[in-house]
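Please look over the structure shown here. A short report goes with it.

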Amino acid sequence: MNTQYRQQILSTVAAIPRGFVSSYGDIARLAGLPNQARLVGYVLKTLPEESRIPWHRVINAQGKISFPCDSLSYHRQRLALEEEGLIVKNNKVQWLKKRWAAQ
């Protein structure tokens, strides 16, 4: 994996304001890596447990949490989003007014 790409992705994710979310595709585009949404997912998946990067603010293009609903990761992400005031209903984040996709 290209270290520069990883840093571009992590810097972009770190810039998502509290209480907002962005999609994997948005992050790829904003990081200068269009069409690399899967790379964003890979980078976030490999973050160490103690990372301060707000990975929980990244959701899929349908506005959903990508983890299986019965997984620990799903519950961690949902709780973190709800603690920031976002509403999650039926696995979908109410994000139309809380989407961070512009720079």
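## Basis of the model

This is a predicted model, where local features need pLDDT of at least 70, side-chain atom pairs count only at pLDDT 80 or more, and totals for chains, interfaces and linings use all residues. Residues are numbered from 1 along each chain as its sequence is written, and side-chain values use heavy atoms, with hydrogens and water left out.

## Overall fold

The chain holds four helices and four strands. Both are DSSP runs numbered from the N terminus: helices are H or I with at least four residues, strands are E with at least two. Along the sequence the order is α-β-α-α-β-α-β-β.

The C-alpha atoms fill a box of roughly 35 × 30 × 20 Å along the principal axes. The radius of gyration is 13 Å, which agrees with the value near 13 Å for a compact globule of 103 residues. That radius is taken over C-alpha atoms, and the globule rule is 2.2 Å times the number of residues to the power 0.38.

## Packing and charge

Buried residues make up 43% of the 103 residues. Buried means under 20% relative accessible area, exposed over 50%, and partly exposed in between (1.4 Å probe, protein chains only). Of the contacts with a separation of 6 or more, 64% join residues 24 or more positions apart. A contact means heavy atoms within 4.5 Å.

The chain carries 15 positive and 7 negative side chains, and the centres of the two sets lie 8 Å apart. Lys and Arg count as positive, Asp and Glu as negative; His and the chain ends are not counted. Each charge is placed at NZ of Lys, CZ of Arg, CG of Asp or CD of Glu.

## Asn-60

Asn-60 sits in the loop between strand S2 (58–59) and helix H4 (72–83). Asn-60 counts as buried because its relative accessibility is 16%. A polar atom of its side chain lies 2.9 Å from the backbone nitrogen of Gln-62. Leaving aside neighbours within four places in sequence, Asn-60 is in contact with Ser-23, Tyr-24, Ser-66 and Trp-95.

## Two asparagines with positive phi

Asn-35 has a phi near 65°, a positive value in a residue other than glycine. The loop between helix H2 (24–30) and helix H3 (37–45) holds Asn-35. Its relative accessible area is 78%, so Asn-35 is exposed.

Asn-91 is not a glycine either, yet its phi is positive, at about 70°. Asn-91 lies in the loop between strand S3 (88–89) and strand S4 (92–93). With 13% relative accessibility, Asn-91 counts as buried.

Methods. Polar contact = N/O pair within 3.5 Å; in protein donor to acceptor, adjacent residues only side chain to side chain.
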